[in-house]
Amino acid sequence: MIRQDVPYDAVGGEGHPVLTAAAVADAVGGTLEGRGDAPVRALAPLERAGEGDLTFLASGKYAPLLARAAGAVVLVSPELRETPGAPAARIVVGRPHEAMLAIIPRLHRPVRATPGVDPTARLGRGVELGEEVSVGPYAVIGDGARLGRGAVVGSHCVVGAGVAIGEGSQLFPHVTLYPGTSLGARVTLHAGVRVGSDGFGYVFREGRHEKIPHVGRCIVEDDVEVGANTTIDRGSIDDTVIGAGTKIDNLVQVAHNVRIGRLCVIVSQAGIAGSTRIEDGAVIGGQAGLGGHITIGRGAKVAGQAGVFGDVPAGETWSGYPARPHREALRAQGAMFRLPAIIRGLERLLSREAGEPPAPR
């Protein structure tokens, strides 16, 4: 159920696409220096690039590595065009990294599912399938679920009753969408994502932890991408919402009633406690922990491993544990690192006053 019908300049003997340096230069609007017929079959980092590889040089820090890229085709910024080395061709372009991104789809076109429902898939009553939908092996689609045009449900996925999946969205294998979940258009959920599970909510009563029923929804808006094995809980009474264009890395926990705005970035292993608000354009670093019922302001940045227990104002960068404005956190950390030397100095001073021999350093 897959196809890879993509036009290229040429195709190599093993079916891999092959470009030329001239074709790359034309595609990125760069100036070609060197062999226009030099082949480009793959991408490689500068230190490992060789014949048939495309790489880039955008920073003088990495200029010495160009000497290793003999025979490669190199996208290079104008200020580094004279860097010593022997690539097969140099393509001078203003933003080499961005130019590289423009070529990746031509060399590594993603494999796309062929429309159709695998015979092993199970569809409940009243399921609505849009045009060109693909449902993979052993997927389970619950009663009344709706899949928009071009949606892809990978193998062993479970789509709960009444779930809505928008046009062009893709579920990689083993994704689970609980009832009460709604996905917008062009949403990508990587393997093992769980969306709409109950949040962690209990009341201690009569000698036991009594579960709080979760009846809110989990709404994922358009153009969101969620990394492998991330979990997003449904709301308890309110809804959990992931705003349009937000990107969430692998192994992130989003608790009940959290609302994440548009175009946010949340990096791996971050944990977001219940009822937290993250406003548009905020960035949450890896392994950061956000306490519940706080607000991360618009465009704010939370550094990796920060522990946040209060509101972060819009546009500010906070770090540390407990988190505070970044410069303040750096000063506090610097002072802490100086403490051992200060303590040793005090000990020597006290020893001299007491007439004792100085302690060894």
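Some housekeeping: residues are numbered from 1 along each chain as its sequence is written, and side-chain values use heavy atoms, with hydrogens and water left out. As this is a predicted model, local features need pLDDT of at least 70 and side-chain atom pairs count only at pLDDT 80 or more, while totals for chains, interfaces and linings use all residues.

Let's start with the largest pocket. By pocket I mean an open set of points on a 1 Å grid over the protein atoms alone, where a 1.4 Å probe fits, with protein on both sides within 12 Å along at least five of seven lines; lining residues have an atom within 4 Å of a point. The largest pocket holds about 320 Å³, the volume being the space filled by probe spheres set on the points. Its lining has 18 residues, with R112, A113, G150, V152 and Q170 nearest the centre.

On to the second largest pocket, at about 250 Å³. Here 14 residues form the lining, and S319, G320, Y321, A329 and Q333 are the closest to the centre. Which helix gives the most to this lining? That is α3, residues 326-353, with 6 residues; helices here are DSSP runs of H or I, at least four residues, and strands are E runs of at least two, numbered from the N terminus.

Finally, the hairpin. Strands β25 (residues 202-205) and β26 (residues 208-211) run antiparallel, joined by 4 bridges; strands pair if DSSP finds at least two bridges between them. R205 has R208 of β26 as its bridge partner. Between the strands sit 2 residues, and E206 takes a positive phi near 55 degrees.
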